Amino acid sequence: MENYTGSLVSKLPFTGTSIFAVMSALAKEYNAINLSQGFPDFPVSEELIKLVNSYMKKGMNQYAPMPGILPLREGISEMFETRYGVKYHPETEITITAGATQGLFSIISAFIRPGDEVVVLEPAYDSYAPAVMLQGGMVKYARLQAPDYSINWDTFPALISGRTRMIIINSPHNPTGTIIKAKDLKKLDTLLKNRDILVLSDEVYEHLIFDGQSHESICRYPGLASRSLVVGSFGKTFHATGWKCGFVLAPPQLTAEFRKVHQFVVFAVNTPVQHAIAGYLRNPEHYIHLGSFYQEKRDLFLNMIKGSRFKAVPASGTYFQLLNYSKISDEKETTFAERLTREFKIASVPVSPFYHNQEDNKVLRFCFAKTTETLEKAAGILCRI
């Protein structure tokens with residue numbers, strides 16, 4: 001095929017292939033243990049798979065309603081009322097999405113106009129900023145404070161201006177594994193009073209909280225909930241990231257605007273998967289123990305690398321663990337991560353691509369959503385580096 005010879009002006013001139021795709025491809029090329037991209041290497045529940053199959057056989061294979069099937073929206077409503085004491089109406093406040101990232105993109109597309117400013121906490125999940133830029137918005141970055149990656153409330157207010165339209169928060173946080181505390185949301189609530197600013201709250205790892213802590217969903221705070229869109233993910237909850245099924249919760253006026261975009265991005269989401277998850281969700285036992293399940297994996301991984309030269313601050317949530325390698329090498333994060341993949345056959349994700357200026361702190365992200373066998377092999381390699 002000959003190259004295109006017409007004019008081409010990129011809308012994302014400084015954006016390349018996602019670091020997740022890059023490192024996973026490198027892991028495949030060198031046959032390395034892949035702790036880079038965030039997906040489990042253990043099977044999805046057999047019961048859930050049977051449910052999907054049963055709904056396919058029942059003929060649930062055509063378009064679902066644009067907002068999602070009602071039984072699933074009702075199940076989400078019940079789950080949030082039970083867990084957080086907040087009622088989202090299934091008809092007007094809950095929308096099923098083709099994964100969380102589609103929900104995030106559609107929210108930003110619906111509400112950000114050219115010239116609007118969006119505050120992002122960084123290191124940040126890599127889809128936020130490009131989505132804002134595609135709408136002509138401007139990203140302002142609030143740098144989280146290492147080593148606990150907490151919000152700096154002394155400097156954060158200075159980022160708010162008359163052009164601020166949205167603040168994006170993420171808890172439990174990818175890539176750092178930290179969580180937002182009640183005191184943070186109270187400060188945010190106070191800061192936003194009498195301001196016309198929306199909040200996009202990415203809560204896809206809501207069930208993955210460790211050490212007896214609880215998830216502080218933004219929906220717990222009425223002043224924030226009334227201006228917020230909450231994004232969730234069944235892919236993360238039920239170990240089925242490839243199914244791409246998520247949801248967005250918001251007050252009726254915000255939901256109506258969100259759906260105007262959502263309908264033209266995907267219109268509807270996988271029908272048999274929605275029916276299966278609706279049935280599976282009826283039993284809370286399928287998700288209430290996820291925190292302890294993943295904490296065991298985190299603890300196993302950290303205990304097995306105690307003899308290594310990596311330094312870790314235990315993650316408070318998600319299934320990611322950051323490891324500092326400053327005692328091992330002064331190489332840049334991307335260089336070191338690539339060398340570990342090639343030479344030691346273990347793939348991770350450098351944290352620097354999660355910063356707009358590629359800030360380098362000698363930190364790599366490792367996914368511990370893996371079988372014990374995989375974690376043992378990975379730990380053995382890390383202890384030899």
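**View A. Met166 and its neighbours.** Leaving aside residues up to four places away in sequence, Met166 touches Ile107, Ile108, Phe111, Ile112, Glu117, Val118, Val119, Ile197, Leu198 and Leu200; contact here means heavy atoms within 4.5 Å. This is a predicted model, where local features need pLDDT of at least 70 and side-chain atom pairs count only at pLDDT 80 or more, while totals for chains, interfaces and linings use all residues. Residues are numbered from 1 along each chain as its sequence is written, and side-chain values use heavy atoms, with hydrogens and water left out.

**View B. The largest nonpolar core.** This core has 123 residues, and Ile76, Phe156 and Met166 are those with the most contacts inside it. Helix H4 (residues 100-111) gives the most to this core, with 6 residues. A nonpolar core is a set of buried Ala, Val, Leu, Ile, Met, Phe, Trp, Tyr and Cys residues joined through side-chain atoms within 4.5 Å. Buried means under 20% relative accessible area, exposed over 50%, and partly exposed in between (1.4 Å probe, protein chains only). Helices (H or I, at least four residues) and strands (E, at least two) are DSSP runs, numbered from the N terminus.

**View C. The open sheet.** Here 7 strands line up in the order S2-S8-S7-S6-S5-S3-S4, with mixed pairing; two strands pair if DSSP finds at least two bridges between them. Strand S2 (94-97) and strand S4 (138-143) sit at the edges with a single partner strand each, so one side of each has no neighbour in the sheet. From one strand to the next, the twist averages 20°. Zoom in on S2 and S8 and you'll find an antiparallel pair with 4 bridges, where Ile96 stands opposite Phe247 in S8.

**View D. Helix H9 across the sheet.** Helix H9 (residues 252-265) lies across S2, strand S6 (198-202), strand S7 (228-233) and S8, and runs at about 25° to S2. Axes are lines fitted to C-alpha atoms, for helices over the stretch in contact, and angles run from 0 to 180 degrees between N-to-C directions.

**View E. Two cis peptide bonds.** Glu122 to Pro123 is a cis bond, with omega near 15°, and Pro123 sits in the loop between strand S3 (117-122) and helix H5 (128-134). Ser171 to Pro172 is cis too, with omega near -10°; look for Pro172 in the loop between strand S5 (164-170) and helix H6 (182-192).

**View F. Thr318 and its positive phi.** Thr318 isn't a glycine, yet its phi is near 70°. This residue is in the loop between strand S9 (311-312) and strand S10 (320-324), and counts as buried at 0% relative accessibility.
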